[in-house]
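Please look at the sequence and the 3D structure shown below, and keep both in view while reading.

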Amino acid sequence: ALALVAHEPERALALALDAMRTGDPAVALEGVRVVQLALGDLTARSARGNLGEGYTLRQPPAFKESLLENTRATLRRAFPGKHPLLDLELARTLGLLEDREPSTLQTVLDKLTPTSDPLADIHYLAVAARLGAPRSPTQTRGIATALLRLDDKITQRKWHRDRHWPMRMMELHQALARKDEHLNAALLDQPDFGRADHVVWTHAPGLDRLRAARLVLKQAVKTKDYPWSADLIQLIALLPESESFPVLRRLWDQVGLNDILLSVLARHPQTADRERFLEGVQSPQLATLRLSLKALQQLPDKKDPQTILVLVQALRRLPEGKDEKLLREELARYLRHLTGVEKPGQDRQAWVQWFRSAHPALAGKLNENDGVDVSAWRKRLAALDWSQGDGVRGRQVFVKASCASCHSGAQALGPDLQGVTGRFSRDDLFTAILQPSQEVPSRYRTTVLVTSDDKVYQGIIIYEAVDSVILQTGAATTVRVTNNQIRERRLSLTSLMPTGLLDRLQDRELIDLYAYLKSLQKTRQRRRRKAQP
């Protein structure tokens, strides 16, 4: 059959179906593969790079419907088989044929149990999304339960999720929801809905996101150390400001997601958030800088030297580029408005000279290209007693300083910090934190995409398909841009890691942070010792 399938697929199909009736699992498994090849093999062109890659046919089968139905009937009689791998492929092939028999759907759903393997669960759920039988209320609840149970199972096994996990799960949910109009409501009716990992199930069309937001908020309020994410913050932001803003403001500087918080707070700028917008003006993300500047301009003017300093620093840091030029013009216009000084215009160096003259006490902040007073920092760090650090407290500082969001987890933007204190001296390590754009490794160099509607995205390319690019723009935030939307694409030498991460830390916190980073070195050494025979 394998020899014939390329040129005589119908004959090969008949041979394969006959072989499957022998009852030998190994023969049946090979027969299923021949069936897949005879049908045209796996993966429609439109499904490359997404969940459908292994669950679609390359092209519609060329056989008569009577032969296809005979194929389905033979596969149904063999399913479930006598081997787990055979069952996986029997189910896949019935999904490829979009079988509408109710018994097939029930057999697939019977595979989803509290103890079943989560990888097999994902497979059978993907198959269920292809099957055409109507869902009963019991089956709908079973699918909802299986979806919510996935994260628990993976956590219990201590498996890691890669950066594509959320996207694949959203595709799975949406495919299932297209076949079952009641699935979204069944998910929200689950008694434990609202955990942080459940946010991935809130993106399907037709889901009541307001109800989901309230369920998540209720769970977050009663859960200590609730693990917030960018998606969760954007979900909560759908609620009225009276419900969402008090909770979101408490997250500032705690979860490493300030850029996302800014995008929410900037929708209706309030004076209480002025300092947050000033911090946003210092972001290396052009979108965050622009949004924060616009928010500041909507607030009552504040002409203190510190505000002027932040704006001059932002003006000075902006690299060359068409979109950066527009931002420089806007920054310069706002500076002229606040200071009443016209002469510097858009000249960055002229504004620096003016500030040094007008505010000499703060001039040291402009001694370096990125606005960091390196000499002052060296003096401060040299005076600390590093032997007094507490690594446990340092872990909290690691989160507070926004380090955890970019240097841990499957979607980390920065390098793994295990053993970092063994690779770098303390002085070099703190220099890298204080001046992140001084030396950006090629692996972490960012790409700037400008779209045809003048949106600007900066991040690290994590996937490049034939028709689109997926850019990771921040901690746990990605954007997919289709090629026909991209007007300009260029590399940037500016790190996504912002300056000023340590500015709000006390001396004790700096010492504890370094103690925590040293503990990562010890963890790595312990792992190496365990790995040795």
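Leu 147 touches Leu 125, Leu 172, Leu 176, Leu 183, Leu 187 and Trp 201, leaving aside residues up to four places away in sequence, where contact means heavy atoms within 4.5 Å. Leu 147 also belongs to the largest nonpolar core, which has 64 residues, and together with Leu 125, Leu 172 and Leu 176 it touches the most other members. A nonpolar core is a set of buried Ala, Val, Leu, Ile, Met, Phe, Trp, Tyr and Cys residues joined through side-chain atoms within 4.5 Å. A second, separate core of 58 residues includes Leu 217, Tyr 226, Ala 237 and Leu 311. Buried here means under 20% relative accessible area, exposed means over 50%, and partly exposed lies in between (1.4 Å probe, protein chains only).

The model is a predicted one, in which local features need pLDDT of at least 70 and side-chain atom pairs count only at pLDDT 80 or more, while totals for chains, interfaces and linings use all residues. Residues are numbered from 1 along each chain as its sequence is written, and side-chain values use heavy atoms, with hydrogens and water left out.

The secondary structure of the chain comes to 24 helices and five strands; these are DSSP runs numbered from the N terminus, with helices being H or I of at least four residues and strands being E of at least two. One of the helices, H14 (residues 274-281), is mostly covered, since six of its eight residues are buried, namely Arg 274, Arg 276, Phe 277, Leu 278, Gly 280 and Val 281. The cover over these buried residues includes helices H12 (241-250), H13 (258-265), H15 (286-298), H16 (305-317) and H17 (322-339).

Leaving aside residues up to four places away in sequence, Arg 168 touches Gly 49, Asn 50, Leu 51 and Arg 480.

Side chains of opposite charge can pair when their charged atoms come close. The structure holds 29 salt bridges, each being a side-chain nitrogen of Lys or Arg within 4 Å of a carboxyl oxygen of Asp or Glu. Three of them are set out here.

| Salt bridge | Closest N and O atoms |
|---|---|
| Arg 72 and Glu 65 | 2.8 Å |
| Asp 192 and Arg 195 | 2.9 Å |

Turning to the whole chain, buried residues make up 51% of its 533 residues, and its C-alpha trace spans about 90 × 55 × 45 Å along the principal axes. Among contacts between residues at least 6 apart in sequence, 64% join residues at least 24 apart.
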